[in-house]
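These are my notebook entries on a structure I had not examined before. I set down what I looked up, in the order in which I turned to it.

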Amino acid sequence: MTDQSQTPAVAAEETRLLPSDEILKGLIEPFADASWATSAGQDVITLPADQLRAFGESALQGGFELLSDVTAVDWLSRQPRFDVVVNLVSLQHRRRLRIIVQTDSDIPSLVTVWPGANYAEREAFDMFGINFVDHPDLTRILMPDEWEGYPLRKDFAVGSVPVQFKASHKVR
Amino acid sequence: MTKSKDVDLWISGTEEPDWDTSTTDEGSQEMASTETDYRLREQLGSVVTDDYVFDDEISDDERMIVNMGPQHPSTHGVLRLQIELEGEIIRRTKPVIGYLHTGMEKTGEELTFMQGPTNVTRMDYLASFHNEHCYSMAVERLLGIEVPPRANTIRVLLTELNRISSHLVAMATNGMDIGAVSIMTYGFRDREQILAFFEKTSGVRMNHNFIRPGGVAADLPPGWRADVKAILENIRRRVVDYDDMLKENPIWNGRTRGVGVITPEECLAYSITGPTLRSAGVDWDLRKVFPYAGIEQFEFEVPLGTRGDVYDRYRVRIEEILQSARIVEQAAEAMPKGDYRSDDRKVTPPPRMRIDQSMEALIHHFKIFTEGFRVPAGETYVAVESPRGELGCYLVSIGEGKPYRMHTRAPSFYNLQALPIMMADSLLADTIATIASLDPVMGDVDR
Amino acid sequence: MSIRRTQPTNILTTTIDRAARWAQSRSMFPATFGLACCAIEMMATGAAHYDLARFGMEVFRASPRQADLMIVAGRVSQKMAPVLRQVYDQMPDPKWVISMGACASTGGMFNNYALVQGVDQVVPVDIYVPGCPPGPQSLMHGILTLHDNIMAGKA
């Protein structure tokens with residue numbers, strides 16, 4: 001259902017799947033490359049990366065006042081590699097919305113739209129190495145400043161230390 | 001007689017000190033580098049200036065950067081604040097976090113879905129049942145299974161008791177930080193009764209790993225109704241007492257009213273949820289807006305504040321304790337009979353006795369506990385109302401026994417963004433009260 | 001090491017040593033080094049129900065210069081390790097360290113890149129208290145064991 005590599009191809013056709021309710025339809029229609037799907041009963045909109053900020057601004061005007069979460073997923077063997085996932089909440093319409101954007105490294109920052117995205121984008125940068133363009137302070141937030149590597153990437157090992165139990169003959 | 005060397009007494013710092021300066025910085029300051037040529041000549045006497053027209057380059061940047069933490073007596077964990085002070089007034093604040101980063105999201109990818117709650121429960125360690133509940137709901141949403149009503153009511157009972165115990169800690173640390181040290185002992189004393197009930201039910205006082213995908217790990221212990229009744233009686237009587245003690249207290253009011261104010265628009269812009277948002281007057285509680293686990297059948301109110309200051313946040317939490325007590329009472333009364341976990345055998349392990357009797361039960365047990373049950377591919381985001389705000393879990397599965405990506409939307413992580421706003425242009429002494437009222441849990445912030 | 005002697009011992013010095021050890025163990029000031037969940041259990045140990053004041057330890061000193069016991073309560077991340085060492089160095093001799101909980105003792109359930117696998121990689125530890133988190137009774141047992149060790153001259 002949420003095979004992300006499929007939905008953009010569908011959106012490129014003229015007859016794209018539009019949601020039936022007015023709020024979402026009004027949000028998606030101006031964006032020709034946006035596509036809508038449902039995932040486990042929740043609305044998901046997929047967009048090209050460079051339209052994220054414009055869509056965010058229109059979503060804010062459209063009633064999604066609260067940015068719930070910005071995070072990322074590393075699909076190692078796929079091009080583009082990362083999924084940046086933005087979860088929005090509308091207090092007046094009482095609904096949630098998810099935006100998924102695919103990127104290799106650069107993506108516009110949402111800090112100018114929702115200032116609450118500040119720390120979350122820093123964390124996504126720290127953990128994945130995704131560059132949020134126009135972020136006011138894109139530095140490491142959870143790891144020490146001089147840490148090398150991006151821990152949540154799939155090619156970064158867990159870093160576990162072999163454990164020797166006193167009575168056992170082999171090292172776990 | 002040797003001629004005395006021409007020592008220019010006014011140029012200091014050009015001689016090397018004859019003690020070891022590598023381990024200390026005593027005496028290593030060079031005065032000459034800050035002296036301008038004009039000052040030098042003036043001191044030597046070659047130039048005479050009137051003090052009135054003396055135009056020294058006084059830096060107007062009288063700001064000082066002070067570092068608070070990460071090891072700090074204020075018991076909110078390892079938070080480091082870099083505060084730019086102008087006298088006693090705070091101009092800018094930068095919280096530095098990451099001192100408790102445990103790599104829990106990476107660990108979550110290594111543990112099976114059944115083991116997941118052990119990991120997430122340690123994120124917000126004061127509201128451990130909420131973490132487990134959120135994660136379990138996300139897994140169940142992907143699995144497409146429903147938990148039986150008894151499991152849901154047990155979950156509501158435990159999470160609301162957890163909310164009471166978390167708010168008691170918030171009240172305790174809030175009081176202690178402001179100076180009412182006895183509130184600390186009162187808060188922890190009443191919490192002990194709730195923790196004793198948790199220990200009876202789940203086996204541990206904190207970090208329970210009790211709410212698992214499919215239901216709960218075990219049924220409630222015999223005699224639980226009497227325990228819950230005793231807890232509620234105690235809480236209702238005592239919390240009202242503590243509230244009476246502090247509500248009209250002039251010292252408490254002086255230290256908390258008008259301090260750490262945040263407006264509703266700022267809250268929404270900075271993604272702040274929970275008691276902080278409600279103290280600013282915004283009626284947003286996920287238990288009412290997007291109800292889950294059957295909580296809509298219970299009657300309770302959502303307390304709101306008006307001014308968004310520390311006093312309002314304290315009152316909102318006290319009222320939430322009393323409202324949660326109402327929910328617990330109703331849940332205890334309405335506890336349905338039935339299974340405490342889903343009977344889908346692929347997901348929940350069979351009862352221990354059946355393992356000796358049936359080969360299938362043994363195989364299921366083995367597969368669930370070693371490989372883990374497989375969750376269909378998909379992604380979902382589920383949020384619950386934790387004592388700190390919207391606690392969400394974004395779960396991505398690719399059809400294996402372990403999550404592909406598990407991310408927690410931590411309420412304290414976002415609530416910390418309110419700190420620079422609340423502390424701007426306020427006094428340094430109000431910092432402690434403000435941080436305490438935000439009630440951040442660093443396990444949640446850093447994960 | 002609580003007491004070091006350079007001269008040979010006799011009845012006077014051993015009695016004074018015993019008195020000194022008694023004083024040290026009966027009036028320890030812990031430094032506040034609560035990090036994570038174990039910190040909550042440490043606070044609960046200091047609270048009214050399980051009382052640390054009966055052992056003379058309810059005063060948790062904020063400044064490490066005034067403390068002689070450091071209870072490392074919680075998981076120590078890579079970023080926190082230098083801070084931990086700095087606080088330990090600031091404590092005056094004689095000082096003791098209790099590593100409270102599984103994460104502080106061995107890294108606990110988090111065997112990954114982010115945590116120091118056992119606080120004894122950074123500071124010397126006298127007592128390890130297992131548990132996740134150890135209940136107040138376990139912590140008190142650890143503290144009393146430390147007191148006994150000091151009285152016996154072993155810590």
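Before naming any element, I note how elements are assigned: helices (H or I, at least four residues) and strands (E, at least two) are DSSP runs, numbered from the N terminus. I also record that this is a predicted model.

**Entry 1**

I looked up A40(A) and found its phi near 50°, a positive value in a residue other than glycine. A40(A) sits in the loop between β1 and β2 (42–47) of chain A. Is A40(A) exposed, partly exposed or buried? A40(A) counts as partly exposed, because it has 19 C-beta neighbours inside 10 Å, and a residue is buried only if 20 or more other C-beta atoms lie within that distance.

**Entry 1: the sheet of chain A**

I turned next to the sheet of chain A. Its 5 strands form an open sheet in the order β1-β2-β5-β4-β3, with mixed pairing. The edges are β1 (35–39) and β3 (66–74) of chain A, each of which pairs on one side only. On average, and with direction ignored, neighbouring strands of this sheet are turned by 25° against each other.

Within the sheet I followed one pair. Strand β4 (residues 82–90) of chain A pairs with strand β5 (residues 95–103) of chain A over 9 bridges, in the antiparallel sense. In this pair, S90(A) stands opposite R95(A) of β5(A). Helix α4 (residues 117–128) of chain A packs on the sheet, where it touches β3 and β4 of chain A. The direction of α4(A) makes about 5° with that of β3(A).

**Entry 2: where chain B touches chain A**

I looked up this interface and found 30 residues of chain B in contact with 28 residues of chain A. Several elements of chain B give two or more residues to this side, among them α4 (128–143), β6 (378–386) and β7 (389–397). By class, this side of chain B has 12 nonpolar, 9 polar and 9 charged residues.

S271(B) lies in the loop between α9 and α10 (275–279) of chain B. I count S271(B) as buried, because 30 other C-beta atoms lie within 10 Å.

**Entry 3: chain C as a whole**

I counted 5 helices and 4 strands in chain C. Along the sequence, chain C follows the pattern α-β-α-β-α-β-α-β-α. Its C-alpha atoms fill a box of roughly 50 × 35 × 25 Å along the principal axes. A compact globule with 155 residues would have a radius of gyration near 15 Å, and the 16 Å of chain C agrees with this. Buried residues make up 46% of the 155 residues in chain C. Of the contacts in chain C between residues at least 6 apart in sequence, 75% join residues at least 24 apart.

How many residues of strand β2 (residues 69–73) of chain C are buried? The strand is mostly covered, with 5 of its 5 residues buried. L69(C), I71(C) and A73(C) point one way from β2(C), whereas M70(C) and V72(C) point the other way. I note that in a regular strand the side chains alternate between the two faces of the sheet.

Strand β1 (residues 30–31) of chain C runs parallel to β2(C) and is joined to it by 2 bridges. P30(C) stands opposite L69(C) in β2(C). From β1(C) the chain crosses through helix α2 (residues 37–46) of chain C to β2(C), and this β-α-β crossover is left-handed.

The bridge partner of A73(C) in β3(C) is M100(C). Here the chain crosses from β2(C) through helix α3 (residues 81–90) of chain C to β3(C), and this β-α-β crossover is right-handed.

**Entry 4: cis peptide bonds in chain C**

I looked up two cis bonds. The peptide bond from D93(C) to P94(C) is cis, with omega near -15°, and P94(C) is in the loop between α3 and β3 of chain C. Another cis peptide bond joins C132(C) and P133(C), with omega about -10°. P133(C) lies in the loop between β4 (127–129) and α5 (136–151) of chain C.

**Entry 5: where chain C touches chain B**

Lastly, I found 29 residues of chain C in contact with 27 residues of chain B. On this side of chain C, α2 and α3 each supply at least two residues. The most comes from α2(C), with 5 residues. By class, I list 20 nonpolar, 6 polar and 3 charged residues on the side of chain C that touches chain B.

Terms used. Residues are numbered from 1 along each chain as its sequence is written. Chains are lettered from A and ligands numbered from 1 in the order in which they are written. This is a predicted model: local features need pLDDT of at least 70, side-chain atom pairs count only at pLDDT 80 or more; totals for chains, interfaces and linings use all residues. A residue is buried if 20 or more other C-beta atoms lie within 10 Å of its own, exposed if 12 or fewer, and partly exposed in between; C-beta atoms are placed from the backbone. Two strands pair if DSSP finds at least two bridges between them. A crossover is right-handed if, with the strands pointing away from the viewer, the path from the first strand over the helix to the second runs clockwise. Two residues are in contact if their C-beta atoms, placed from the backbone, lie within 7 Å. Ala, Val, Leu, Ile, Met, Phe, Trp, Tyr, Cys and Pro count as nonpolar, Asp, Glu, Lys and Arg as charged, and the others, Gly among them, as polar. The radius of gyration is taken over C-alpha atoms; the globule rule is 2.2 Å times the number of residues to the power 0.38. Axes are lines fitted to C-alpha atoms, for helices over the stretch in contact, and angles run from 0 to 180 degrees between N-to-C directions.
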